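Here's a quick tour of a few spots worth a look. Have the sequence and the 3D view open as you read.

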Amino acid sequence: MSGSKLRFLTLVKPVLCILPEVAPPERKIPFKEKILWTSITLFIFLVCCQIPLYGIKTNKSSDPFYWMRVILASNRGTLMELGISPIVTSSLVMQLLAGSKIIDVDQGIKEDRALFNGAQKLFGILITIGEAVAYVISGMYGDVRELGAGNSVLIILQLFFAGLIVIILDELLHKGYGLGSGISLFIATNICETIVWKSFSPTTINTGRGTEFEGAVIALFHLLITRTDKVRALKEAFYRQNLPNVTNLMATVLVFVFVIYFQGFRVDLPVKYRTQRGMQGTYPIKLFYTSNMPIILQTALVSNLYFLSQLLYKRFPGNIIVRLIGVWQDGEGGPSTSAPVAGLAYYISPPNNLTEVTVDPLHALVYFTFILVSCALFSKTWIEVSGSSAKDVAKQLRDQNMVMKGHRDSSLMHELNRYIPTAAAFGGMCIGALTVVADFMGAIGSGTGILLAVTTIYQYFETFAKESGSADALSVFLS
């Protein structure tokens, strides 16, 4: 390992002692206790989502993360304003640095792994401070001169400590006290809440055609009861614009079914013990080998580009380079719902429905290509830095005295290389393709959001199955 490459990680070493850290458990945490810790973590997150920021003057200014809030587990004007954005962004930066070999990390060495995780946490804290300052200076909570120095500092401190809480909660689950990952749990909760609300919301909105309910299911029954022309009422409930409709809901359910179906696709490699005769099993390589990580990293990339583009456009709307990055226009809800209408930000944003695809096919084509390529690349990068590459899996099998049936020990890595990189890249592309299809169909909560929710829920199914000793994830709930 060259000194110049290792130098970056060694710079983090003196800082590790002052970073907040969750101590690893000294005993095996029982399953019921893990559920309790997971529930407490989720409860703290949901409470923070409802506590408004103290000292803000306005909450109706431009919102750079409007289109990404559901996916970033963020809630406007509350302590969870930043959501998981700092964690995911720091993870994205560190993985790109490690994947491009700018920093040299051997995940098999305990000290390197600790330094890498410490650097990732430090980046997360620095990004939290940076985003908090940027939010205040950009005028998201009112003009800085009206807020005053005291209020501005107070808002930054609130966002900083809330971001720190999210980092600690995520680490708590990662260390084994709870189930799964804090990032996935918060995203899935936010998306499921959005889907349920947009399906059954009792909020009434005056659309110009009379008072309508926001929730798609509630609106269906309301229209059928109040309208004399039942066929027209059904047509409106299924295809109404600017509000959730039954077609959106059906598309959401269809995407859920598709993703669960594809979760079962895998290749089982036969393995056996070298020392114990007759003892054999299989090593499964799933189609979604990297699970939902490619789409989380892709979301982090897009959300940061949106944030930068909208801030630049607000300051320099006439600059040609700024306009190439993105041109923004206020939506029906005012500046807080502004959307990209031209530039790079527009072409990597999803079309809302099939009508928009037919109107601007180039937008759809660029978006489709961008999603597939970025998901495949992030998936390939992720296996290298997460300890799940062919080399890492071969080492794990050798450590357990296992070999592939019908192959020599020396050819183990070669055989795994035939499957793992392909599964990672193709699986990432499949996740991207499902995301695009969901977006084109107008599914509630966006295609990316639904993919994240379903894969997270399925991971919890598998965790429950593993803890209960069952082979099939669904049998835990069906039995």
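## A nonpolar patch on the surface

In this predicted model, three residues make up a nonpolar patch on the surface: Leu36, Trp37 and Ile40. Taken together, they have about 260 Å² of accessible area.

Let's pick out one of them, Ile40, which belongs to helix H2, residues 31-50.

Next up is Ser291, in the loop that links strand S4 (280-286) and helix H10 (293-315). Ser291 has a relative accessible area of 17%, so it counts as buried, because the cut-off for buried is under 20%.

Which residues does Ser291 touch, leaving aside neighbours within four places in sequence? Its contacts are Ile431, Thr455 and Gln459. Then there's Gly427: it sits 136 residues away from Ser291 in sequence, yet the two C-alpha atoms are 8.2 Å apart in space.

Now have a look at helix H5, residues 144-174. A straight helix of 31 residues would span 45 Å at 1.5 Å a residue, but H5 spans only 38 Å between its end C-alpha atoms.

How values were computed:
Residues numbered from 1 in each chain as written. Predicted model: local features only at pLDDT ≥ 70, side-chain atom pairs only at ≥ 80, totals over all residues. Heavy atoms only, no water. Patch = residues over 30% accessible without salt bridge, like charges linked within 9 Å, V, L, I, M, F, W, Y side chains within 5 Å. Areas by Shrake-Rupley, 256 points an atom, 1.4 Å probe, with all protein chains shown as cover. Salt bridge = Lys/Arg side-chain N within 4 Å of Asp/Glu carboxyl O. Helix = DSSP H or I, 4+ residues; strand = E, 2+ residues; numbered from the N terminus. Buried < 20%, exposed > 50% of the residue type's maximum accessible area, 1.4 Å probe, protein only. Contact = heavy atoms within 4.5 Å. Expected span 1.5 Å × (residues − 1).
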